[in-house]
Every structure is written in C-alpha cells, then in structure tokens.
Protein chains: 2
Amino acid sequence: MTRFNPPAAENVIEVIRQSLDDLRKSERKVAETVLDNPQHILGATLAETAALALVSEPTVIRFCAAIGCEGFQDFKLRLARSLALGTLPTGSQLESEDTTSELIGKIFGYTISSLDWVRNRLDSRQVSQAIQILSNAQSIEFFGLGASGVVAIDAQQKFPLFGVPCGAPTDTHQQIMTAAMMKPGDVAVVISNTGLTLAMIEVAQTARESGAKVIAITGSRSPILAECDAGIIIETLENTNIYTPAISRIAALVVIDILSAAVGLRRDAEHGEKFANMKRLLLGQRRRLQNTKKM
Amino acid sequence: MTRFNPPAAENVIEVIRQSLDDLRKSERKVAETVLDNPQHILGATLAETAALALVSEPTVIRFCAAIGCEGFQDFKLRLARSLALGTLPTGSQLESEDTTSELIGKIFGYTISSLDWVRNRLDSRQVSQAIQILSNAQSIEFFGLGASGVVAIDAQQKFPLFGVPCGAPTDTHQQIMTAAMMKPGDVAVVISNTGLTLAMIEVAQTARESGAKVIAITGSRSPILAECDAGIIIETLENTNIYTPAISRIAALVVIDILSAAVGLRRDAEHGEKFANMKRLLLGQRRRLQNTKKM
DNA sequence: CTGTTTATGTAGTAATGCTACAAAAAATAC
DNA sequence: GTATTTTTTGTAGCATTACTACATAAACAG
C-alpha cells in the first residue's frame with residue numbers, strides 16, 4: 001500500500017520534480033506533461049490533461065495522490081499557487097508605451113518572481129557553511145565593486161548590529177591593502193556577480209594568504225570559488241533587456257539578510273540585549289545632526 | 001447589458017476591493033464573504049460558498065463574472081494566485097532553532113510578500129510625477145544616509161546608463177555642499193525611510209533654494225515632503241523583530257529600478273544605442289584592472 | 001509456463017459548476 | 001397610488017467534471 005512518504009507539498013512544481021523517480025511510468029508521463037507546460041494545465045480539465053499525457057483519467061488522479069494532493073482540483077489550486085510567482089514575468093517586456101502603473105506592475109512582478117527563482121536554487125548547505133564561518137569571525141571585511149559594492153556596503157551596515165565589527169573598502173587599492181592586513185580569525189566576504197572580476201579574485205587570494213577565511217558570493221559556478229573556503233552561488237535568470245532591473249544585487253541583499261540574521265541568532269544570547277540600545281543611539285544621532293549642521 | 005467595464009484582473013483580491021461599490025447587493029455579500037476569509041473559500045465548493053454568503057449559487061457565479069472571471073473555477077484559480085503572495089509571511093517569526101533551509105524560506109518569503117504589499121500601495125501618480133521631473137533633468141544628485149545611503153549609491157550607478165550624469169555624496173558635509181551648488185535644471189533625490197532625519201530635510205531645503213527640483217523617496221507621509229516638488233511614499237509594514245530584514249531598502253531599490261527604466265525608456269530614441277557600448281566598456285574595465293593591480 | 005503482484009484502463013456514479021427560465025423587487029411612468 | 005417596465009435574485013434542470021469500483025493487461029517470481 002504505502003509506496004513512499006507523501007511529500008507535504010508547498011511548491012508543487014518542486015515536489016513533482018523531486019518525485020519524478022518515485023513515480024510509475026505513466027504517472028511520470030503526467031508529471032512531464034505538467035512540467036512541460038504548467039500554465040496550460042491550469043486551464044485544462046481532467047480529461048484534457050489525461051489526453052495530453054496520453055494516459056487515462058484515473059492515472060492523472062493517481063498522479064495527484066502520489067505527489068500529496070487530495071485530488072485533481074486540489075492539485076490545480078496548489079499549482080496555481082506555485083505558478084503565481086513563476087508566472088508573473090510573462091509578457092513583462094518593458095515598452096515605451098507602458099503607463100506608469102504597468103511599469104510598476106511589471107518591474108515589481110519581475111523582481112518578485114526572480115527572487116522566487118533564486119530561492120529555489122539556493123543551496124542551503126552553502127549558506128550553512130558560510131554562517132558557520134561568519135559566526136566564528138572576529139571581524140569581517142566585505143569586498144565588492146559596482147553593484148556588488150553596494151551590497152558590500154549594505155552588509156557592512158548590518159553585521160555590526162550583531163556584535164561583529166566589519167568594514168567594506170570601496171576602491172581596489174583600499175581593498176587589496178585591507179585584504180593584505182587581515183589575520184587568522186578574520187573573514188573576508190568577496191561579492192562578485194560575474195565571479196570573473198580579476199580585482200576580486202586577487203582580493204580573495206590576498207586575504208587567504210593573510211590567513212583569513214574567505215567566502216564568495218557570486219552569480220555562477222565561477223573561477224573565484226577556487227580561492228575561497230566557502231561559496232554561495234546566487235543563480236539569477238539572465239535577461240538581456242537593457243531596462244531590466246538588475247535582480248542579482250537585490251538577491252544578494254536578501255542573502256545578506258539571511259546571513260546576518262543567522263549569525264545574529266547564533267550570537268543572540270550574548271549580544272541580543274545590546275541591540276535595543278543601538279537603536280536608541282541611532283535615534284539620538286538624528287537629533288544631534290541638527291547641531292553639527294551648517295558646515 | 002453592459003454594467004461596467006470588467007476589470008482585467010491580476011490580483012483578484014484587489015479587484016474585488018475596488019469593485020465593491022459597483023456590485024449588486026447580494027453580489028456584495030459574496031464579495032464580503034470572500035474578503036472575510038479568502039483562504040476558506042479556496043477549499044470550498046460553489047454550493048458551500050453560496051450558503052456561506054446566504055445567497056443562491058447563480059449569484060456567486062454572477063459575482064465571478066462581475067469581477068472579470070470566466071466562472072467559479074477560474075475565480076478560485078485566480079484567488080489561489082493572489083493568496084500565494086499574501087500568505088507567505090505567516091508564521092515567519094525567526095527562531096534560533098530554525099534550520100538554514102527554514103531561514104532561507106522565511107526571509108525570502110517575507111521579502112517577497114513585503115514587496116507585493118509595497119506594490120499594492122504605491123501611488124502611480126507620485127511615480128509619474130517623479131519620472132516627469134527626472135526625464136527633464138540635466139543632472140541628478142542622490143542623497144541618503146545609512147541604509148538609504150546604499151540606495152542612493154545604487155541609483156547613482158544606474159542612471160548614468162541612460163544618459164543622465166549624476167552623483168551621490170555620502171557624508172553630510174559633502175551632501176550639503178553639493179546641494180548648495182545645484183542649479184536650475186538639476187534634480188535632487190532625497191531618500192529617507194523615516195523622513196525625519198534632519199540632515200536630509202536640510203539637504204532638501206538647500207537644494208531647493210539653489211533652484212533644483214527636489215524629489216523625496218520616503219517611508220511615510222513625513223515632514224520632508226513639505227520641502228519637495230514630488231514625493232514617492234513607500235509604505236512598508238513595520239516589523240519590530242530585530243532580525244527582520246530591512247525591507248524598506250529593498251523596496252526602495254525596486255522603485256529606483258522603476259524610475260531608471262522609465263527615464264531610460266523616455267530617452268530611448270536618443271540614448272538607447274549608447275548602452276550596448278557602455279556594457280562592452282565595463283567588460284574591458286575588468287580586464288584592465290589586472291594591469292593596474294599591485295598598488 | 002503458472003500464479004501472484006503490480007500497473008493501467010474501462011465504465012459507471014455522484015456531485016459540481018453552469019444556464020434557461022421564472023419569481024420577486026425596484027424603478028419609472030402615468 | 002397603480003401599472004408597466006426594468007433590474008435583481010432565486011429555482012430547477014442539464015451537461016460536465018472529478019472521482020471510484022472493477023476488470024484487464026503487464027511485470028515478476030518460482
């Protein structure tokens with residue numbers, strides 16, 4: 001009776017992909033048909049789906065049961081939910097005739113669905129490894145150029161909140177100097193979307209030679225990983241359109257959020273209380289700025 | 001026959017809310033029932049929904065038609081899609097026992113649904129106004145501190161791609177100086193999540209006195225708006241949890257994407273071709289960095 | 001090759017969504 | 001205020017749809 005544990009679904013599409021091997025031959029035909037064009041299945045009826053997969057209707061139903069759904073209807077609902085994110089960017093080619101509302105919808109939609117895509121491809125083991133290293137860091141330096149430089153600066157603003165002193169030098173000379181001055185116990189986080197930028201590869205090498213641990217955050221399985229102790233790959237869907245928002249930097253910011261939250265939670269017991277004060281100090285800063293104003 | 005133009009749906013829940021006034025009495029009962037507990041309707045059948053709203057089944061169907069759906073099934077699918085975003089953050093309180101996978105899921109989920117929230121509350125007229133001003137700018141200066149400073153730097157990296165020279169001074173003294181040196185035809189974009197930071201208010205005033213147009217990007221209907229020619233309010237849901245990702249900076253980046261894309265599209269005819277070159281130059285820059293390396 | 005298990009399809013059933021029509025309510029005209 | 005039209009809502013029936021019991025076919029073991 002029991003074939004395998006029914007995967008408690010959240011993202012059906014992902015579940016189907018993972019269950020592919022456990023399915024029977026004709027059930028797999030259904031699975032492939034669904035994966036091939038999920039959007040179309042949404043509009044289709046049970047009979048149509050069966051015809052499309054060249055199987056009988058009950059097989060489709062058994063397929064639904066196999067992936068943990070109550071029935072075909074339930075399956076379609078879950079599918080709709082999964083597709084809500086993945087579907088958003090359809091027809092999101094920006095056009096100069098677009099109204100502002102359309103532009104807002106398209107760019108937000110594209111950003112949201114891209115983030116979903118990134119999430120599904122993020123390797124939690126890579127992230128765990130990075131957290132492990134960061135948790136034990138005495139100090140952290142973030143390195144990046146261009147858009148990745150923005151991410152580095154952002155990270156440098158977040159981590160101190162959890163009791164880790166850190167920096168983010170912005171120009172290549174400062175970066176190499178800082179990397180050269182690092183010492184065992186320190187951690188260097190090198191951010192490079194392409195992973196090809198030579199200046200960044202060099203920073204990674206230098207930091208490592210100085211005895212620091214090196215973590216890379218990059219957009220693909222790129223050369224820079226060879227110079228690092230841990231690497232987080234943020235896979236974004238390439239989009240050649242000029243006006244397309246650069247999703248990689250936003251995805252990287254979210255990863256920074258994850259890392260800082262994880263490190264923060266680990267240090268919670270020790271530094272948790274300090275945070276409330278920090279926030280009050282920041283508030284005070286805003287007041288004090290008024291007095292030091294006119295240069 | 002024709003009652004009102006059927007709203008081409010995207011987010012059904014939003015459509016329902018907007019259509020409330022145009023609906024008939026008993027259709028509105030259905031609408032309210034759905035809005036009251038959309039999650040429950042997803043699992044319900046047509047008959048159940050009708051019973052819950054104390055109306056007949058055809059009324060429910062007419063309701064579906066009125067909000068632009070093909071029928072009850074179609075309505076449920078669209079509802080599922082809308083809810084996919086809105087439901088994500090449930091139970092996303094971060095806990096120190098969370099596994100890395102859970103952490104990733106929660107933070108991405110929170111970010112995604114927050115962006116959806118922001119999108120639904122963004123006033124396209126405010127954005128249009130900002131686009132209008134930016135399109136005519138001779139040069140643009142972005143101002144921000146802390147997390148907003150990161151956004152300013154990001155913006156300063158994007159806009160030049162579309163033919164607008166710009167800057168983003170980072171410390172308060174540079175900011176005031178730059179603001180004081182601006183001239184008619186220039187545009188200052190002042191980014192402040194709180195909208196209370198005095199240094200930023202001052203920058204806005206100074207820039208305006210210099211004859212520049214001033215645009216504010218802020219988190220609420222805040223005092224800084226009084227000093228500006230246009231304002232974009234990015235409403236984010238406050239979350240007091242320490243480790244919660246700062247959604248406002250990410251939302252602001254998306255807004256920057258929208259603004260830059262819009263301005264870019266407007267200048268398309270003139271500057272569109274230049275972009276391809278720009279990208280090639282950037283690639284070359286990566287190579288050249290190797291030679292200038294060792295300080 | 002035979003018996004057993006597993007996988008798939010056929011045929012029928014219950015229920016679901018939908019439509020034609022009628023009743024009721026509201027609006028308008030006189 | 002009544003009559004007539006228009007609009008709104010409900011009733012009853014129909015066509016489809018999803019699903020289930022059973023039978024057949026395929027795979028496998030001995």
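This passage describes the surface near DNA strand C and selected residues of chain A in a predicted model. Residues are numbered from 1 along each chain as its sequence is written, chains are lettered from A and ligands numbered from 1 in the order in which they are written.

DNA strand C is surrounded by 17 residues, and the closest are A:Arg24, A:Ser26, B:Thr45, B:Leu46 and B:Phe72; a residue counts as near a strand if one of its heavy atoms lies within 4 Å of it. Of the atoms of DNA strand C that come within 4 Å of the protein, 68% belong to sugar and phosphate. The residues of this surface comprise seven nonpolar, six polar and four charged (nonpolar: Ala, Val, Leu, Ile, Met, Phe, Trp, Tyr, Cys and Pro; charged: Asp, Glu, Lys and Arg; polar: the others, Gly among them).

In chain B, a backbone N or O atom of B:Phe72 is 2.6 Å from a phosphate oxygen of DNA strand C. Two or more residues each are given to the surface by helix 2 (25-36) and helix 5 (57-66) of chain A, and by helix 4 (46-53), helix 5 (57-66) and helix 6 (72-87) of chain B. Helices (H or I, at least four residues) and strands (E, at least two) are DSSP runs, numbered from the N terminus.

In helix 1 (residues 12-19) of chain A, the residues A:Val12, A:Ile13, A:Val15, A:Ile16 and A:Ser19 are buried (under 20% relative accessible area, with a 1.4 Å probe and protein chains only). These residues lie on the same side of helix 1 of chain A because they cover an arc of only 160° around the axis, taken from the directions from the helix axis to the C-beta atoms.

A:Leu259, in helix 12 (residues 247-266) of chain A, is buried, with a relative accessible area of 2%. Beyond residues up to four places away in sequence, A:Leu259 touches A:Val127, A:Ala130, A:Ile131, A:Leu134, A:Phe159, A:Ile217 and A:Ile232 (contact: heavy atoms within 4.5 Å).

Key:
Predicted model: local features only at pLDDT ≥ 70, side-chain atom pairs only at ≥ 80, totals over all residues. Heavy atoms only, no water. Buried < 20%, exposed > 50% of the residue type's maximum accessible area, 1.4 Å probe, protein only. Polar contact = N/O pair within 3.5 Å; in protein donor to acceptor, adjacent residues only side chain to side chain.
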